[in-house]
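Here are my notes on the side-chain contacts and the surface. Please read them with the coordinates open.

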Amino acid sequence: MLDNLMDSEPHDDFTFRHSASSAPSPSNNGDASPYMGNWEGSSSPYAKSPWSTHMVSSPPNGNGSGNLYPNGLMGSLVREEGHIYSLATSGDLLYTGSDSKNIRVWKNQKEFSGFKSNSGLVKAIIISGEKIFTGHQDGKIRVWKISVKNPSAHKRVGTLPTFRDYIKSSLNPSNYIEVRRHRNALWIKHFDAVSCLSLSEDKKFLYSASWDKTIKVWRISDSKCLESVNAHDDAVNAVVAGFDGLVFTGSADGTVKVWRRELQAKGTKHFFSQTLLKQECAVTALAVNPEETFLYCGSSDGLVNFWEREKHLSHGGVLRGHKLAVLCLVAAGNLVFSGSADMAICVWTRMDGEHSCLSVLTGHNGPVKCLAIEEEKESTAADRRWVLYSGSLDKSVKMWRVTEPVPPHL
């Protein structure tokens, strides 16, 4: 019933929204985003061949450390059912979202489960406790839970905004805002694609970014939309809740903005703090490292900018490693990973505040759209090892092992 009340957007293969002044309208005519280079998917996204797992064999002579794989590619998960747009990890589970509307669940590199939304390409997945949130092309955020009786079964338990809140809000004319010429919409609902999701530091709030130029703040406990922030002059491609109560947003308008969250009696209020970056090309991805000391920003020009918390968010430098747009970022330990439309993943290592390129991971045949990372169970403080998952428009998810360099002894 709620689905009938809400408009859905046409399918497209844009990985992020660029400036509205120059962007062609989304369509099915095969036009690729200008940031994608000349790559085009050749197979139909509706092909139904089964998922397959391709694991890389152990090196014949070993690497002397007893590891099954050296640094590099461990294997691939492949199915001809749609380009991979989103990834998330939780314990030993990996969630993958694609333009087939399916969310697949993997365990130990094997297909474990899956569930399907009614509509809307899956552009973002984030996990908070027992709830799984998925952001979609149709402007909706869907909420799922794992069945208590059957761990492989996932049930949709709601949509943001909830049906009750949507109906209640629609009865009050003051809740409508003008979103386009001669078109009004409720402020609690995104009227364009949900591009990104992020959890607050205390896990109590969910942030959603959208091509409708806003970010919205949701209270997880009761699914209430507490606030809608008119954040940018163009599509918001990225949002990340950072440190010190700050929230960072990146947009097709070329800016990275900082917002300060204040808790109030009935919810939250976000105030604009500062603009960290203003440039001609679109901001496409944001990430904060787990130690909350650096903010990273990827752009359509292939550069990664970063800022340092200890220096009051002063600009720390630029990482140059890609030939085309940076589409995704993830940070873990002292490592930063950037995925690009040039089909490569750059691995950056940070020591004493200085960044350098550790390696470049190649193997995808399409733009790298999303990244997720987890620490290996055998990892130790002296030998930190990570498993990186990368999703691509080549319809595959690849698994990589990366060992963190040991800092030199002082």
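1. A term first: a salt bridge here is a side-chain nitrogen of Lys or Arg within 4 Å of a carboxyl oxygen of Asp or Glu. The model is predicted. By this rule the count comes to 14 salt bridges.

2. Take E375 and R384. Their side chains meet in a salt bridge, 3.3 Å from N to O. E375 has 34% relative accessibility, so this residue counts as partly exposed. R384 counts as partly exposed too, because its relative accessibility is 24%.

3. R385 and D383 also pair through their side chains, at 3.5 Å, N to O. Salt bridges with shared partners link E376, D383, R385 and R401 into one network. D383, with 29%, is partly exposed.

4. Is the pair D138 and R142 buried or exposed? Both residues are buried. They form a salt bridge, and the closest N and O atoms lie 3.0 Å apart.

5. Now the nonpolar surface. F163, I167 and L171 make a nonpolar patch of about 280 Å². I167 belongs to helix α2, which covers residues 163-170.

Key: Residues numbered from 1 in each chain as written. Predicted model: local features only at pLDDT ≥ 70, side-chain atom pairs only at ≥ 80, totals over all residues. Heavy atoms only, no water. Patch = residues over 30% accessible without salt bridge, like charges linked within 9 Å, V, L, I, M, F, W, Y side chains within 5 Å. Areas by Shrake-Rupley, 256 points an atom, 1.4 Å probe, with all protein chains shown as cover. Helix = DSSP H or I, 4+ residues; strand = E, 2+ residues; numbered from the N terminus. Buried < 20%, exposed > 50% of the residue type's maximum accessible area, 1.4 Å probe, protein only.
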